[in-house]
Amino acid sequence: MGRFDGRRSREAVSYEPASVKELLVEMKDTAELLIDLSYSAVLHASPSVAREVVELEHRMDVLQMRARMSLMLAARKPSEAETLAPVLGVVAAADRVSGAAGDIAKIVIEEIGLPEAMRGALTEGVETLVRGTVADESAYGGRTLRDVDLESETGVRVIAIHRGDDWILNPGPKTRLKPGDVTLLRGPESGVAEVHLTLTGEPFEPDDAPDPAIDDLERAVDSIVLMKNLSELAVDLAYGSVLFDNEELAEEVYNLEIEVDALQSRFEAWTLRAAKEAEDPVSLRGLIHLGVATEEISDAALEITEGVLRDIGVHPVVEMAVKESDEIITRTRVERGSDLAGTRIAAGVPATEIATSVLAIRRPEEGWLVGPDLDTTVRAGDVIIAKGTRTSAAEFAELAT
């Protein structure tokens with residue numbers, strides 16, 4: 001699966017003065033959005049969402065080239081080159097995630113296809129994410145995101161806006177929705193259905209999830225869904241390790257990458273066994289394609305942590321970029337008597353109204369608890385690594401105090 005086609009390789013990119021921090025923020029937000037979009041394109045068999053992935057992948061190519069140019073100009077002596085070398089790793093890793101997402105989108109664009117069982121399993125592995133165009137008569141048209149207040153009212157977030165040739169990857173409260181905007185919505189299915197109708201004037205119709213028909217195929221599908229969850233977790237923890245210069249988190253990323261590699265071996269074995277029973281074994285090509293691309297994402301996560309694992313240190317520009325991105329990573333200590341103490345975590349989300357995902361918990365007497373489905377109860381003294389919006393992060397921190 002090659003990264004560049006002939007048209008893309010001829011695109012000219014010239015140096016433009018730009019903040020490395022701003023480039024890294026945009027690359028991180030773009031990479032994470034690409035992961036969401038690519039799996040959603042497969043889930044809904046949506047060529048339109050897959051094409052958005054390709055457009056963003058092209059954008060990422062330009063961003064990573066400009067980031068490399070700016071970093072080369074920034075290193076004027078050996079000590080600066082030493083601290084900036086891991087930053088190049090972060091840039092390269094975001095580009096690898098972008099390439100993997102593009103490869104996933106090709107399953108839809110090139111009509112490689114997936115077994116219906118795969119789409120059924122992904123329904124549980126992917127949060128509802130839909131693409132909707134703001135209708136001329138929409139009640140949201142001309143209003144700011146603060147005014148419509150979707151997140152508080154419905155739990156739905158506008159995670160990106162495609163306006164003409166421009167992308168708004170981090171729409172804030174003052175961002176105004178305009179008729180014709182292509183918005184990407186993420187949230188609970190019931191909330192998405194409500195917002196989609198008001199936004200586009202058309203009802204949202206979720207896909208019916210088919211049941212797997214072959215036991216070995218079901219095992220292969222379960223493996224790839226777990227690979228997807230662990231790979232996404234590895235990316236989040238990798239950025240967390242950089243933000244907090246935390247070697248323990250970086251080691252967890254290393255362990256997750258090993259687990260994903262082992263899962264891929266089992267996944268390939270189950271897929272080959274399923275081919276014997278499938279009416280059309282060629283239909284399993286997309287499944288293999290998805291497995292390779294998913295494993296690439298976990299490899300990229302490990303590349304992000306290289307500076308931490310090698311004890312080179314984390315350049316301040318990377319820390320600032322992670323802090324200022326769309327969804328922020330936080331480290332919160334749970335205090336005795338707080339509202340969060342005693343809360344049970346299910347599927348990585350606290351049992352509250354707050355849209356925050358718990359990535360890992362460091363428990364004083366037990367060490368790190370890492371996993372996409374933390375089935376545990378928060379205790380006083382726990383240090384929680386979480387990810388969410390700035391609003392939810394502030395509310396989460398308040399619960400912990």
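## The open sheet

What is the order of the four strands in the open sheet? In this predicted model, the order runs β1-β4-β2-β3, and the pairing is antiparallel. The edge places go to β1 (129-133) and β3 (166-168). Each of these has a single partner strand, so one side of each is left without a neighbour in the sheet. Going from one strand to the next, the twist averages 20°.

## Strand β2 and its partners

Five bridges tie β2 to β4 (residues 182-186), with the two strands running antiparallel. Within that pairing, A160 sits opposite L184 of β4, while H162 faces V182, also in β4.

On to β3: three bridges link this strand to β2, again in antiparallel fashion. Here R163 stands opposite D166 of β3. The hairpin formed by β2 and β3 has two residues between the strands, and G164 takes a positive phi near 65° there. As for burial, six of the seven residues of β2 are buried, so the strand is largely enclosed by the rest of the structure.

## Two helices side by side

Helix α4 (residues 78-109) packs against helix α11 (residues 285-304) at an angle of about 170°, and their axes are 8 Å apart. Angles over 145 degrees count as roughly antiparallel, and α4 and α11 therefore fall into that class.

Which residues of α4 and α11 meet? On the α4 side the list includes G89, A92, A93, R96, A100, D103 and I107. From α11, the residues taking part include G286, H289, A293, E296, I297, A300 and I304.

## The nonpolar cores

The largest nonpolar core has 79 residues. Within this core, the residues that touch the most other members are L24, L33, L37, L237, Y239 and V318. Helix α9 (residues 215-243) gives the most to the core, with 14 residues. There's also a second, separate core, made up of 15 residues, with Y140, V148, V192 and L199 among them. As background, nonpolar side chains in soluble globular proteins tend to be buried together.

Take L237 as an example from the largest core. Leaving aside residues up to four places away in sequence, L237 touches L249, E252, V253, L256, L359, A360 and V370.

## A closer look at A250

Is A250 buried or exposed? A250 has 0% relative accessibility, so this residue counts as buried; the cut-off for that class is under 20%. A250 belongs to helix α10 (residues 247-277).

Not counting residues up to four places away in sequence, A250 is in touch with S241, T305, V308 and L309.

## The chain overall

Zooming out, the chain has 14 helices and 11 strands. Of its 401 residues, 52% are buried. Among contacts with a separation of 6 or more, 78% come from residues 24 or more positions apart. The chain exposes about 18200 Å², and carbon and sulfur atoms supply 48% of that area.

Note on methods: Residues are numbered from 1 along each chain as its sequence is written. This is a predicted model: local features need pLDDT of at least 70, side-chain atom pairs count only at pLDDT 80 or more; totals for chains, interfaces and linings use all residues. Side-chain values use heavy atoms; hydrogens and water are left out. A nonpolar core is a set of buried Ala, Val, Leu, Ile, Met, Phe, Trp, Tyr and Cys residues joined through side-chain atoms within 4.5 Å. Buried means under 20% relative accessible area, exposed over 50%, partly exposed in between (1.4 Å probe, protein chains only). Contact means heavy atoms within 4.5 Å. Accessible areas come from the Shrake-Rupley method with a 1.4 Å probe; for residues, only the protein chains shown count as cover. Two strands pair if DSSP finds at least two bridges between them. Axes are lines fitted to C-alpha atoms, for helices over the stretch in contact, and angles run from 0 to 180 degrees between N-to-C directions. Angles under 35 degrees count as roughly parallel, over 145 as roughly antiparallel, 65 to 115 as roughly perpendicular and the rest as oblique.
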